[in-house]
Amino acid sequence: MRRTGVAARVMLCFGLLFLYVPIVSMVVFSFNNSRLVTVWDSAHSPTLRWYSELLSNSQILDAAALSIAVAVLSACGAVVLGTLAGVALARFGGFRGRTLLVGLTTAPLVMPEVITGLSLLLLFVALEQALGWPRGRGMLTITLAHMTFSMAYVTVVVQSRLAGFDESLEEAAMDLGARPLKVFFRITLPLILPALVSGWLLAFTLSWDDVVISQFVAGPGSSTLPMVIFSKVRLGVSPDVNALATLMVLLVSTGIAVASAWLSRQNRLRERDIRMAAATNNLPGA
Amino acid sequence: MRGGRFTFGRRLVPGIPFLWLVLLFAVPFLIVLKISFSEVRLAIPPYSPLFDGHGGLAVHLHLSNYAFLFTDPLYVRSCLYSLQVAAISTLICLLVGYPMAYAIARSGATARNVLLMLIVLPFWTSFLLRVYAWIGLLKSNGVINNILMSLGLIHQPLVLLQTDFALYIGIVYSYLPFMILPLYSNLEKHDPTLLEAAADLGAHPFAAFRRITLPLSLPGIAAGCLLVFIPAVGEYVIPSLLGRTDQLMIGRVLSDEFFENRDWPVASAVAILILVLLVVPIVLLQRVGRRELGAQR
């Protein structure tokens, strides 16, 4: 037991090193003056040269703006659709078509991206031929595609959050005469709010990160940031991509830190409310 | 949410996401299937219609695309290569990820949360950029070669990039969290008194691990392996950036058929071929995976 424990811990340290060394090296070399990227130019480094080049590169800035717009829109759409699916799967019991809905919400999680991308593009082309909509491909088609695969992730998050609560609160409100819509907005929604936040963040990240599906469904002239990065790095390393990566790592870690602080605060508040409710009603713990 | 009065709402809630997924997931898949049976045309879109205008129901099924996939060795070889790469990567992920998950599950509550955070954090930063980072480490004048040369261990830079080695590193690096998380959520639930009982009865720690921990963690192993194996088979970005140029993985073949050759019917047939390869693992994942996935997120 003890010896396996030590071996496992050593492996854990190596594993974490393996996960973080590439990221750290990207951050370090983003301050390197040399165009060779990985050869450290100690005479002129550290420098912010690549950061200023980044901020004057209109191709990257345009792509970033498109990516943010698509990620925000598709994350909002995915949260709405994923919440509906998650609530139905966790609370509606065995309705007709449940098995099919389970299959449809898990399939996008495991479908290889090249297939999802190809099939969505073929759908958009067929729709344009048949109905004349969506005209051409660009932001709209990318957003629709991203909504479709990220809603599956939101469904899992919402469903597992709801599975953690029994239905007694909703049933109590129902018994007191609240209509289902009111029960949803007053009871269910506040309960699953943390899941909606993490689902939204997950959907945002998935969209912000996607290159394969976007490549299929984006028309000429609309390139998301990952598409621009991908075509740049296929030709080799480029120093401004290091600077971009550093900015993104910084942004993501701040975002995660803020979100997890908020989530743990929410959980603390909820536990306090439950304790207070239990104490005031003189009931055994909720 | 019971009671017959609210049947309309009860249908609407599952109905909207259901319709969405049918329209944007199931129907597109049927279109791929349909186009895989059509002929390539120099037109926009570049495939022949399956239903002709006059006969209405006269369906032209062209099996030529599939016949082509099995006559040109390129496709079969890419399939086998993809399966091999995915299987070996999954095995490496398991060998590296199991001890990591085990160590996390055995640490104290505070350390456990920090460690889990450290595992998940890279998953939130851009996948593409993390794969890109390995180019800087592995290329001939990259970080690893520079360090080895300055230590005097090698005199010529090693060829690391665009090899199977780089490809395995990239896949293991990207998918390791998918292996660790289901394993962790399984190992964490084990009852430590079982191991204590085994020790009291005189079992060697390794025997206790082999006869108690390992069998109990099989569902976690299955979920983790499938979560790595399935996406690895169709992987496109990692082999394009790090992998060999003389042997393509099947996802890249699909994309090249589509973008380079503009042969939509063959690309669709390749998509169907990938799905056929993955149908067994996907069904298995539906069985074990949903429970394990639901537990961790």
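Okay, let's start in chain A, where helix 8, residues 180–209, packs against helix 11, residues 239–280, at an angle of about 165°, with the two axes 10 Å apart. Keep in mind that this is a predicted model. Now, are these helices roughly parallel or roughly antiparallel? Angles over 145 degrees count as roughly antiparallel, so that's what helix 8 and helix 11 of chain A are. Their crossing is left-handed.

Who makes the contact? From helix 8 of chain A we have A:Pro194, A:Val197, A:Ser198 and A:Leu201, and helix 11 of chain A brings A:Ala259, A:Leu263 and A:Gln266. Sort those contact residues by class and you get five nonpolar, two polar and no charged. If you're wondering about the spacing, an α-helix has 3.6 residues a turn, so residues three or four places apart point the same way.

Next, how the chains meet. Chain B puts 80 residues into the contact, and chain A puts in 76. Which helix gives the most on the chain B side? That's helix 1 of chain B, residues 7–36, with 18 residues. By class, the side of chain B touching chain A has 60 nonpolar residues, 14 polar and six charged.

Last stop: helix 10 of chain B, residues 218–233. Is helix 10 of chain B enclosed or open? Well, 12 of its 16 residues are buried, so the rest of the structure largely encloses it. Among the buried ones are B:Gly220, B:Cys225, B:Phe229 and B:Val233.

Methods:
Residues numbered from 1 in each chain as written. Chains lettered and ligands numbered in written order. Predicted model: local features only at pLDDT ≥ 70, side-chain atom pairs only at ≥ 80, totals over all residues. Axes fitted to C-alpha atoms, helices over the stretch in contact; angles between N-to-C directions. Helix = DSSP H or I, 4+ residues; strand = E, 2+ residues; numbered from the N terminus. Parallel < 35°, antiparallel > 145°, perpendicular 65-115°, else oblique. Left-handed = near helix turned anticlockwise from the far one by under 90°. Contact = placed C-beta atoms within 7 Å. Nonpolar A, V, L, I, M, F, W, Y, C, P; charged D, E, K, R; others polar. Expected span 1.5 Å × (residues − 1). Buried ≥ 20, exposed ≤ 12 C-beta atoms within 10 Å, placed from the backbone.
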